[in-house]
Amino acid sequence: MSSPNGPQPPRAGSSDDLKGLDILLVEDSRDVGEAVKKHLELLGAKVAGPATTTTEAEGLLTEHLPDVALVDFHLREGERSDGLIARLHEQGVPVIMLSGSFEFPPLPSLEGATFLEKPVSEAQLLAHLSPLIAKKATR
């Protein structure tokens, strides 16, 4: 048993850490996408997706503009998400790229995107997503 004044174990995210944050999730692996979505929702976020293609993601964008997009760059059958990322940037949506590979061609659409390597920890996601809640509150 630990002392009440002793070191505390690292805190897992609570169900309201991302409350109020709308996220678009683009991930070609349905299992990975569903796991990430469930985790983000447990942290309080509202998640559209996972979209497995850019066409699916574009459809979700016509319904609602998110506060942030979590996007895998390499999708199924060689599809890349750089066009989608460019559109998100044009609409003022911050992009966090989640990828197992960081071999990207030098593309202007990727400038300004945050890159996180899979697997991404909860602490990494919270570090990048939590500031967006404060930013949203000031709009």
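Me: Strands are DSSP runs of E, at least two residues long and numbered from the N terminus; with that in mind, in which strand is the place of P50?

Reply: The model shown above is predicted, not an experimental structure. Most peptide bonds are trans. The bond that leads from G49 to P50 is cis, however, with omega near 15°. As for P50 itself, its place is within residues 46-51, the strand called β2.

Me: What is the omega of the peptide bond that joins K118 and P119?

Reply: P119 belongs to the loop that runs between β5 (114-117) and α4. The peptide bond joining K118 to P119 is cis, and its omega is about -5°.

Me: Is α2 roughly parallel or roughly antiparallel to α3?

Reply: Two packed helices are described by the angle between their axes and the distance between the axes. For helix α2 (residues 54-63) and helix α3 (residues 82-90), the axes come within 10 Å and cross at roughly 20°. Angles under 35 degrees count as roughly parallel, so the relation of α2 to α3 is roughly parallel.

Me: Which residues of α3 make the contact with α2?

Reply: As α2 passes α3, the crossing is left-handed. On the α2 side the contact is made by T54, A57, E58, L61 and T62. Taken together, the residues of this contact divide into four nonpolar, two polar and two charged. On the α3 side, those in contact are L84, R87 and L88.

Me: Which element gives the most to the lining of the largest pocket?

Reply: The largest pocket has a volume of about 180 Å³, and its lining includes V32, V36, H39 and L40 as well as K118 and P119. The lining residues divide into seven nonpolar, two polar and three charged. The elements that contribute two or more residues to this lining are α1 (30-42) and α4 (122-137). With four residues, the element that gives the most is α1.

How values were computed
Residues numbered from 1 in each chain as written. Predicted model: local features only at pLDDT ≥ 70, side-chain atom pairs only at ≥ 80, totals over all residues. Heavy atoms only, no water. Axes fitted to C-alpha atoms, helices over the stretch in contact; angles between N-to-C directions. Parallel < 35°, antiparallel > 145°, perpendicular 65-115°, else oblique. Left-handed = near helix turned anticlockwise from the far one by under 90°. Contact = heavy atoms within 4.5 Å. Nonpolar A, V, L, I, M, F, W, Y, C, P; charged D, E, K, R; others polar. 1 Å grid on protein atoms, 1.4 Å probe; cavity = no way out; pocket = protein on both sides within 12 Å on 5 of 7 lines; lining within 4 Å. Points joined across faces, edges and corners; volume = space filled by probe spheres on them.
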